[in-house]
Amino acid sequence: MATVSAASRLLSKRVLSNTKAVPAAAVQGYRSFHFSIYGKKKNAKVADDISTQYPVVDHEFDAVVVGAGGAGLRAAFGLSEAGFNTACVTKLFPTRSHTVAAQGGINAALGNMEEDDWRWHFYDTVKGSDWLGDQDAIHYMTEQAPAAVVELENFGMPFSRTEEGKIYQRAFGGQSLKYGKGGQAHRCCCVADRTGHSLLHTLYGRSLRYDTSYFVEYFALDLLMEDGECKGVIALCMEDGSIHRFRAQNTVIATGGYGRTYFSCTSAHTSTGDGNAMVTRAGLPCQDMEFVQFHPTGIYGAGCLITEGCRGEGGILINSEGERFMERYAPNAKDLASRDVVSRSMTIEIREGRGVGPEKDHVYLQLHHLPPQQLAARLPGISETAMIFAGVDVTKEPIPVLPTVHYNMGGIPTNYKGQVIDHTNGEDKVVPGLYACGEAACASVHGANRLGANSLLDLVVFGRACALTIAEEHKPGEKLSPLKSSAGEASVANLDKLRFANGNLRTSEIRLNMQKGMQNHAAVFRTGSVLKEGCDKLDDIYQSMEKIKTFDRGIVWNTDLVESLELQNLMLNAVQTINSAEQRKESRGAHAREDFKVSPQISKFFSYTCETLFTRSLFIFILSFFFENLLVS
Amino acid sequence: MCQAVRRPGVTAVVSSRGYKGDAPDDNKADLIEIPLPPWMEKTDEPVDIKRRRLLYESRKRGMLENCILLSLFAKRYLNTMTASQLQQYDRLINEPSNDWDIYYWATEAQPTPEVYQGEVMEMLKEFTKNKNHEQRLDAPSLEYLEKEAQ
């Protein structure tokens with residue numbers, strides 16, 4: 001946890017400050033507007049306490065969930081089912097959350113294809129996490145997995161079936177039988193190739209029957225914290241520019257990852273780490289931020305994922321000399337070596353100057369040596385994606401690719417029940433009223449490296465866990481603890497400041513600087529000196545946020561303002577990630593340090609052993625010398 | 001590379017639309033049995049507000065491919081669309097529940113359902129073909145709006 005406290009100490013000096021009031025001339029004037037409130041709750045009232053320039057509506061709920069992806073919807077559904085008056089605040093329509101991009105599946109040891117045991121899944125996940133995952137959380141997740149999948153199926157999710165009518169399970173990377181000794185396991189349950197979409201559709205549809213209140217296209221600004229307890233969320237309604245305070249005894253954060261801190265990532269433009277930033281601004285730590293998973297083949301620039309199936313069909317990676325460089329790094333597996341090996345090989349080639357393109361900063365994936373019929377039949381999607389996003393005809397030219405950020409293992413620290421924890425005086429302490437699940441949370445089930453198809457499982461199990469924990473410890477209709485009437489003032493002041501910001505650096509410029517900084521300094525391969533340089537650079541870029549310039553002064557559907565708020569959130573994530581990476585002086589899972597190839601635990605063990613052996617042998621030598629003398633005399 | 005030996009092999013057989021034969025049949029039972037509330041058109045929304053809303057909704061999608069495609073499309077066409085085109089576009093990007101469907105229709109990997117066929121869909125399909133072989137590295141920043149306003 002040293003990494004965590006160092007990063008948070010760094011950030012506590014840089015909390016965005018309150019500004020002076022906006023001069024009257026800049027104010028747009030009080031516009032009258034009509035706003036509609038979802039659901040039948042009549043307890044929303046306009047409050048004048050924070051600011052007369054921004055009409056504030058107060059709501060009271062038993063629980064509020066921020067984010068409507070797989071984890072958020074599962075939590076909202078679980079809470080509504082348990083009778084809690086639940087609000088779900090989301091900046092996107094639920095079926096448009098990034099979960100919809102997931103086409104893989106959900107791992108569960110159902111044992112439909114062959115004999116299976118959750119303990120084998122547990123072993124695979126712990127080993128896959130490079131032994132950094134929290135074993136309580138992994139135990140909970142893998143043991144609950146079959147029940148969670150069956151539950152989803154009962155809710156109406158149409159999993160693909162075998163001929164006998166059981167749920168069809170397919171093979172996925174990293175899953176084995178008998179603790180790694182029994183060969184490939186088939187554990188991944190899917191709904192054709194739209195598992196993510198089906199999950200969202202099912203959960204959203206079911207939750208509506210329980211009368212969950214959805215606040216769609218509301219951007220959550222901050223948590224309402226008082227005396228170390230979370231009492232709700234404050235959000236901006238994009239439709240009419242009003243501010244909404246959602247007071248609730250229980251807040252669940254399920255806002256997803258922060259891939260967008262990097263120049264090249266496979267995530268949608270909505271993955272901006274809003275939850276992590278809200279928690280950071282509340283003075284709480286984040287965990288394992290340095291563990292960012294890279295997928296070897298994402299299209300250069302665009303970042304769209306090119307499936308591993310391409311290399312499986314015979315595609316090869318080449319450098320500027322036209323050489324199939326993987327032969328040097330993995331003579332047997334070549335282009336089908338494991339993801340981290342391929343990512344590292346590609347990065348070494350680029351660092352050594354054999355990259356392609358005008359800036360020599362990526363490599364090529366060649367497919368045009370394969371017969372066009374094979375390409376059309378087996379990999380049709382790739383041809384389209386390459387043409388649309390790289391302007392490349394795969395039958396004639398190679399596709400530019402780069403290791404691309406794919407997933408964030410780190411996030412808001414929680415225990416296996418989904419409760420957010422703070423680390424003070426060397427002890428873990430639960431933060432009352434705050435929960436987190438999904439990619440935003442760090443339970444941690446993925447540790448230093450995530451296995452495929454475990455993410456959707458993580459969403460479902462921990463979304464459910466948050467709902468169960470809240471149901472165990474609280475009752476619906478509980479009286480809310482009092483909250484200062486000026487709660488959230490700082491958030492509104494920040495919003496106002498951004499809306500009228502008139503510095504000299506555009507939002508897009510600062511964002512590009514941050515993304516390039518992260519890509520150059522905290523990518524696949526990390527070295528102490530490069531990371532330190534990166535920390536300083538990111539520091540400067542963070543400071544440059546003071547000079548931000550926005551151009552849209554409106555308050556209704558102001559995309560520029562929302563993207564600037566997202567940039568603020570991304571900056572907090574980026575600074576924590578690179579500082580954590582610099583502090584972690586070992587190679588572990590997805591965090592590869594060129595200067596610390598072996599774990600210090602191992603080197604300490606060896607040095608201890610050597611020291612002990614040396615001391616003992618010296619002792620024996622001296623003893624034998626004495627005995628020899630005695631014998632002689 | 002000793003790290004490779006220590007790390008588990010995560011060579012994933014990733015299921016994706018680009019890998020035929022791996023995805024079993026889809027009976028779409030959830031779409032039939034769990035109907036979502038129907039999409040409602042906003043009839044009394046002023047045109048300029050509609051454009052601003054559609055800009056946000058084009059840029060923030062479920063997956064990267066749509067984010068880039070629709071934000072570039074919006075940059076090119078959104079500010080010059082007529083009211084009826086805006087209506088069609090609104091329906092196209094907000095009614096379908098699966099974002100992938102919009103991508104398949106735009107790339108013509110799957111046929112467009114009749115309700116979404118029309119002028120705007122044709123524009124989107126043509127735009128997607130990328131006949132000029134433009135490099136589509138990322139969603140555009142919002143600078144172009146600022147320039148247009150000047």
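The model is predicted.

Strands of a sheet pair through backbone hydrogen bonds, either parallel or antiparallel. Between β5(A) and strand β6 (residues 184–189) of chain A there are 4 bridges, in the antiparallel sense. One pair to find on screen is Gln169(A) with its bridge partner Cys189(A) in β6(A).

The loop between β5 and β6 of chain A holds Tyr179(A). Its phi is positive, near 55°, and the residue is not a glycine. Tyr179(A) has a relative accessible area of 36%, so it counts as partly exposed. The range for that class lies between 20% and 50%.

Next comes helix α3 (residues 118–128) of chain A. Its buried residues are Trp118(A), Trp120(A), His121(A), Asp124(A), Thr125(A), Val126(A) and Gly128(A). What do the buried residues of α3(A) pack against? The partners are β4, α4 (135–155), β5, β6 and α12 of chain A. An α-helix has 3.6 residues a turn, so residues three or four places apart point the same way. After α3(A) comes Asp130(A), with a positive phi near 60°.

Now go to the loop between β3 (86–90) and β4 of chain A, where His98(A) is found. The unreviewed UniProt entry places the feature "modified residue: Tele-8alpha-FAD histidine" at this residue, His98(A). His98(A) has a relative accessible area of 26%, so it is partly exposed. Which residues are in contact with His98(A), leaving aside neighbours within four places in sequence? In chain A they are Thr266(A), Ser267(A), Ala268(A) and Ser271(A).

Is Arg339(A) buried or exposed? Its relative accessibility is 10%, so Arg339(A) counts as buried. The cut-off for buried is under 20%.

Strand β17 (residues 427–436) of chain A is the next stop. With strand β10 (residues 243–253) of chain A, β17 runs parallel, joined by 3 bridges. Thr251(A) has Leu434(A) as its bridge partner in β17(A). With strand β16 (residues 419–424) of chain A, the pairing is antiparallel, over 5 bridges. Here Gln419(A) is bridged to Tyr435(A) of β17(A). β16(A) and β17(A) form a hairpin with 2 residues between the strands. Asn425(A), in this hairpin, takes a positive phi near 55°. In a regular strand the side chains alternate between the two faces of the sheet.

Ala443(A) and Ser444(A) are joined by a cis peptide bond, with omega about -10°. Ser444(A) belongs to the loop between β18 (441–442) and α12 (454–473) of chain A.

Trp557(A) lies in the loop between β21 (548–549) and α16 of chain A. Its phi is positive, about 45°, although Trp557(A) is not a glycine. With a relative accessible area of 3%, Trp557(A) is buried.

Helix α16 itself covers residues 559–583 of chain A and contains Leu561(A). The relative accessibility of Leu561(A) is 1%, so this residue counts as buried. What does Leu561(A) touch, not counting residues up to four places away in sequence? Its contacts are Leu236(A), Leu495(A), Leu498(A), Arg499(A) and Ile555(A). Phe61(A) is 500 residues apart from Leu561(A) along the chain, and their C-alpha atoms are separated by 28 Å.

The tour ends at the surface. Leu618(A), Phe621(A), Ile622(A) and Phe626(A) form a nonpolar patch there. Together they have about 420 Å² of accessible area. Phe626(A) lies in helix α17 (residues 600–632) of chain A. At 52% relative accessibility, Phe626(A) is exposed, because that class begins over 50%.

Key:
Residues numbered from 1 in each chain as written. Chains lettered and ligands numbered in written order. Predicted model: local features only at pLDDT ≥ 70, side-chain atom pairs only at ≥ 80, totals over all residues. Heavy atoms only, no water. Pairing = 2+ DSSP bridges. Patch = residues over 30% accessible without salt bridge, like charges linked within 9 Å, V, L, I, M, F, W, Y side chains within 5 Å. Areas by Shrake-Rupley, 256 points an atom, 1.4 Å probe, with all protein chains shown as cover. Salt bridge = Lys/Arg side-chain N within 4 Å of Asp/Glu carboxyl O. Buried < 20%, exposed > 50% of the residue type's maximum accessible area, 1.4 Å probe, protein only. Contact = heavy atoms within 4.5 Å. UniProt positions renumbered as here; feature names shortened; annotations may be inferred.
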